[in-house]
Amino acid sequence: MCCDLKRRFLLLYATQKGQAKAIAEEIWQQANAHGFEADMHCISEMDKYNLETEKDPVVIIISTTGTGDPPDTARKFVKKIQDTTLPPHHFAHLQYGLLGLGDSEYTFFCNGGKTVDRRLQELGAQHFYDTGLADDCVGLELVVDPWIDGLWLALREALLLQKEKEGMSSNVDAVPSSLSAASHVVHELSLSSEVQNLKLEDEGTRSSDVLSQKSVDINIVPSARDSEPSLVHSVPPVSQSALSIPALPPEYIEVQFQDTHGENPHLSSLISEGATFEVPITKAVQLTREDAIKTALLLELDIADTVFDYQPGDAFCVVCPNNASEVEELLQILGLSEKGEYFVCVKVKQDTKKKGAVHPQHIPERSTLRFIITWCLEIRAIPKKAFLRALVECTSDVGEKRRLQELCSRQGASEYTRFIRDCNICLLDLLHAFPSCKPSLNLLIEHLPKLQARYYSVSSSNLYQPGKLWFVFNIVEFPACFARPVSRKGVCTGWLAELVAPLLHPHRSILAAKGGKPSTEKISIFARPNNTFHLPADPSVPIIMVGPGTGISPFIGFLQHRQKLREEHTDWEFGETWVFFGCRHQDRDYLFKQLRSFLENGTLTHLKVCFSRDSSTAEVAPPKYVQDVIRLYAKDVARILLKERGYFYVCGDKKGMADGVSDAVVDILSMEMEVDRLEAMKILATLREAKRYLQDVWS
């Protein structure tokens, strides 16, 4: 418990991948400079705080995961506050400010934060500071930075009001009227994704800055080709500005090398989400032609000897390593090539100044250096500003040091977005661009996040083919750019493609693939059940499935399952099934011509396809995209959704397709029901709430 209760506030974070925790730690570090003591805890540590008796202001930082769910660390908390027996005045004593993190590429933007915020309000809690909603699509810092800047004044006012109520206002510094007036400006800011156009002023002399420094005196006259900024080069005004840079994060990890023998931990020990299963890949088929723009692969896993179970529509996770050549390259740059097989002992520094420092859960207490970099650290992660700030201290060249300072500064926010975030720059790219930067291993362990398992939709039915699991993916490609001179494949998809290369037969269809020698390659997987993206419990309910490209994947499982049910239950009534599929070229990337066999045997009632890049000689050009085809069947869509209470499923790209499909459905509802667009949007929202309009989308 903090010693100065007059300045204390409770700081809670709920994180999935570490973003919310990193922001909470930034607030904790700044708090002392502003005269506060932040009592920081993960929201899951409910034995260390008690909102029922909390008198001081509460600050909550919470992310969103999945399709709008609170992060795993907040599940117990959310369940607790959603208890319907709680009275409406349960939290009437509570003052709080909430910062939600999300991505507007997804339908339920910041829904984790919104869920907690709404429920706290229903239970009588009061805002002492306006809720902020930060958008990872345009850059979290566009909301996070000004929200933190305004937090300190709001806290002072909240504590002042609190002490006045207690009759002890003399014990708290009065807030000058000019600052009080300024607070109203802060509160009038719309702290949502709309602030992407916010213009940040030069705040080098503001008292709220963590660190202010004068411009480094570098007398370089830029040549004509250097007149534009780049990853390694800046131009005025940034190059001439005094910089507001984050406080240096305190180091908290120490690493010891041990030249001893032993075994690395099993991969299952790295997974906290549930049981892992090591399963063989028994089949691999390339579904696209060699000249297709994207390469799609179908893999079959043998799960017969495991207790792994799934339903059509579920997803599962693949435990994958970093690219081996990138691991070796990083070891070489760090000067640790000779120590790759040395065992590393990772401990928390005893004298660290980091609040609540603990051993990172994703780092084994003892394993080889190569194992840690290969299986534990996301070396492809886009470096956060706190990491850049730490790298400054590892950089010897004055010009390079200054540029890193600029990229993590308030003044360089737009350049951070442009040259690091938008270009998907990773640590390796930075070390090539700034060769005098030589970070220590402990710094990497402190700042690189956990290497996440990759999620894939199941593309099969366990009822249709017991003991088998199919999944489909495009091999992700990151083309070279000025800031990154080499192209790269996706961490997991590139690894899987290499793994199954001996099995691939590019021009053989999945239906023709019979037998063959099973692969001895195995991968580790674990379940990630989807609670909603499933077939209706009642098979007589009609369904519409929209899945262009690899978005068709879960619907193959739906149709396999429905076909098997039809075979086993000839007396059942089955509803209509519609599939809307699209791709670029009919002869290059029509992934599942097997769809026609479902149509022929009656499992699929209607199959509507479109090809966006194929030329047509027809007098009236055919529609190019699935949303355009859907509009042609407006009456059927309206009938199924409104009269027959059917289900509508969408799977695939969020920005390019799913938004267009929802717009088309809104237009159909508006036209067929003869209501305005706003009313049609409300109807669609009702369908979402009823879990009859379901999405499995990605950005």
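Reader: What volume does the largest cavity have?

Author: This is a predicted model, in which local features need pLDDT of at least 70 and side-chain atom pairs pLDDT 80 or more, while totals for chains, interfaces and linings use all residues. Residues are numbered from 1 along each chain, and side-chain values use heavy atoms, without hydrogens and water. A cavity is a set of points on a 1 Å grid over the protein atoms alone where a 1.4 Å probe fits but cannot get out; its volume is the space filled by probe spheres set on the points, which are joined across faces, edges and corners. One cavity of 30 Å³ or more is counted, and the largest cavity has a volume of about 80 Å³.

Reader: Which residues of helix α6 are buried, and where do they lie around the axis?

Author: Helices are DSSP runs (H or I, at least four residues), numbered from the N terminus. Buried means under 20% relative accessible area and exposed over 50%, with a 1.4 Å probe and protein chains only. In α6 (residues 324-333), Glu326, Val327, Leu330, Leu331 and Ile333 are buried. They cover an arc of only 165°, taken from the directions from the helix axis to the C-beta atoms, so they lie on the same side of α6.

Reader: Which residues are exposed on the other side of α6?

Author: Just after the helix, Gly335 takes a positive phi of about 75°. On the other side of α6, the exposed residues are Ala324, Ser325 and Gln332.

Notes: 1 Å grid on protein atoms, 1.4 Å probe; cavity = no way out; pocket = protein on both sides within 12 Å on 5 of 7 lines; lining within 4 Å. Helix = DSSP H or I, 4+ residues; strand = E, 2+ residues; numbered from the N terminus.
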